[in-house]
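Student: I would like to work through this model with you one question at a time. Could we look at the structure together before we start?

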Amino acid sequence: MLRLRCSGPFPEPDRQVRSPDMLNLFARETVSRVTDPIGAWLVRLGLTPNAVTIFGTVGTSAAALWFFPRGELFVGTVVVTLCTFFDLIDGAMARAIGGGTPFGAVLDATCDRIADGAVFAAIVWWAFAVENDRSAAAAALVCLVSAQVISYVKARAEATGLSADGGLVERAERLIVALVGTGLHGLGVPFAAPIALWLLAVLAVITVVQRIVAVHRSAR
């Protein structure tokens with residue numbers, strides 16, 4: 001689910017215990033000062049972190065699949081970015097109620113994969129059907145597959161008691177690069193999306209290799 005969540009904006013594991021490598025301590029505390037009151041207010045209204053997670057995933061997926069294939073890249077980028085901020089809010093809500101649940105962690109990670117898939121699939125669709133740019137579409141496909149593999153390697157490693165932390169581009173970075181590219185392209189910046197997609201494709205493949213190497217070292 002751009003997960004800029006304080007308990008882990010866009011990252012992997014669960015919303016309750018994850019800590020985004022891309023943000024330093026000061027940045028996390030700054031974001032928390034904004035999101036924690038909102039999270040506590042939503043809890044008082046009777047909402048749950050799981051409900052907000054699902055809402056954010058549905059919003060992100062629907063916005064990406066509606067706007068990007070229609071060529072409305074800038075509007076789509078804005079709406080998708082706004083929806084991804086629910087990833088911050090559900091973490092704040094989990095903290096407000098004293099922590100999340102194992103089911104919430106699984107739901108959160110699953111929803112992230114759904115949202116990532118929808119965003120990159122919509123970009124592939126745009127590149128093929130709207131731009132007729134097979135090169136950009138190929139890059140987006142690499143991003144789509146590698147994003148799932150990056151997350152899977154980490155989850156599978158942790159399930160067997162190994163470590164697969166780190167890498168050049170985790171979830172937050174992947175979404176930021178992709179959405180900056182689509183947003184600028186939507187504003188008329190030439191080749192912004194293809195350049196961003198190919199850059200991300202290269203970095204994502206490197207990240208897959210980095211995580212496999214990390215697992216190998218952990219196993220030794």
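Student: How many helices and how many strands does the protein chain have?

Tutor: Read from the N terminus on, the elements run α-α-α-α-α-α-α-α. The count for the protein chain is therefore eight helices and zero strands.

Student: Where in the protein chain is the confidence lowest and where is it highest among the helices?

Tutor: For the protein chain, the mean pLDDT is 84, with 86% of the residues reaching 70 or more. Over residues 1–24 the pLDDT is below 50, although this stretch has 113 contacts in the model beyond near neighbours in sequence. Where pLDDT is low, the predicted coordinates should not be read in detail. As for the helices, confidence is lowest in α1 (residues 25–44), at a mean of 71, and highest in α3 (residues 73–84), at 95.

Student: What percentage of the residues in the protein chain is buried?

Tutor: The accessible surface of the protein chain comes to about 10100 Å², and carbon and sulfur atoms account for 71% of that surface. A residue is called buried when its relative accessible area is under 20%. Of the 220 residues in the protein chain, the buried ones make up 49%.

Student: How many of the residues of α4 are buried?

Tutor: Helix α4 is described as mostly covered. The buried residues of α4 are Asp87, Leu88, Ile89, Asp90, Gly91, Ala92, Met93 and Ala94. Arg95 is also found in α4, but with a relative accessible area of 34% Arg95 is partly exposed. The number of buried residues in α4 is eight of eleven.

Student: What is the largest C-alpha distance within the "binding site" annotation that covers Asp87, Asp90 and Asp108?

Tutor: The annotation comes from an unreviewed UniProt entry, which assigns "binding site" to Asp87, Asp90 and Asp108. Although these residues are spread over 22 residues of sequence, they cluster in space, and the largest C-alpha distance is 9.1 Å.

Student: Is Asp108 buried or exposed in the model?

Tutor: Asp90 lies in helix α4, while Asp108 is found in helix α5. Asp90 is buried, at a relative accessible area of 0%. Because its relative accessible area is 0%, Asp108 is buried.

Student: Is Thr53, which carries another "binding site" annotation, buried or exposed?

Tutor: The unreviewed UniProt entry places "binding site" at Asn50, Ala51, Val52, Thr53, Gly91, Arg95 and Thr101. Thr53 has its place in helix α2. Because the relative accessible area of Thr53 is 1%, Thr53 is buried.

Student: Which residues form the aromatic pair, and what is its geometry?

Tutor: A search of the whole structure finds one aromatic pair. A pair of aromatic rings is described by the distance of the centres and the angle of the planes. The pair is formed by Phe55 and Phe86, and it is edge-to-face, with 5.0 Å centre to centre and 75° between the planes.

Student: How many residues apart in sequence are the parts that this pair ties together?

Tutor: Phe55 is exposed, with a relative accessible area of 52%, whereas Phe86 is partly exposed, at 27%. Phe55 lies in helix α2 (residues 49–67) and Phe86 in helix α4, so the pair ties together parts whose separation in sequence is 31 residues.

Student: Which residues are in contact with Ser146, leaving aside its neighbours within four places in sequence?

Tutor: Ser146 has its place in helix α6 (residues 134–159). Ser146 counts as buried because its relative accessibility is 5%. The residues in contact with Ser146 are Ala204 and Val208.

Technical notes. Residues are numbered from 1 along each chain as its sequence is written. This is a predicted model: local features need pLDDT of at least 70, side-chain atom pairs count only at pLDDT 80 or more; totals for chains, interfaces and linings use all residues. Side-chain values use heavy atoms; hydrogens and water are left out. Helices (H or I, at least four residues) and strands (E, at least two) are DSSP runs, numbered from the N terminus. Buried means under 20% relative accessible area, exposed over 50%, partly exposed in between (1.4 Å probe, protein chains only). Contact means heavy atoms within 4.5 Å. UniProt positions are given in the numbering used here, feature names are shortened, and annotations may be inferred rather than shown by experiment. pLDDT is the predictor's confidence in each residue, from 0 to 100. Rings of Phe, Tyr and Trp (its six-membered ring) pair if their centres lie within 6.5 Å; planes under 30 degrees apart count as stacked, over 60 as edge-to-face and the rest as tilted. Accessible areas come from the Shrake-Rupley method with a 1.4 Å probe; for residues, only the protein chains shown count as cover.
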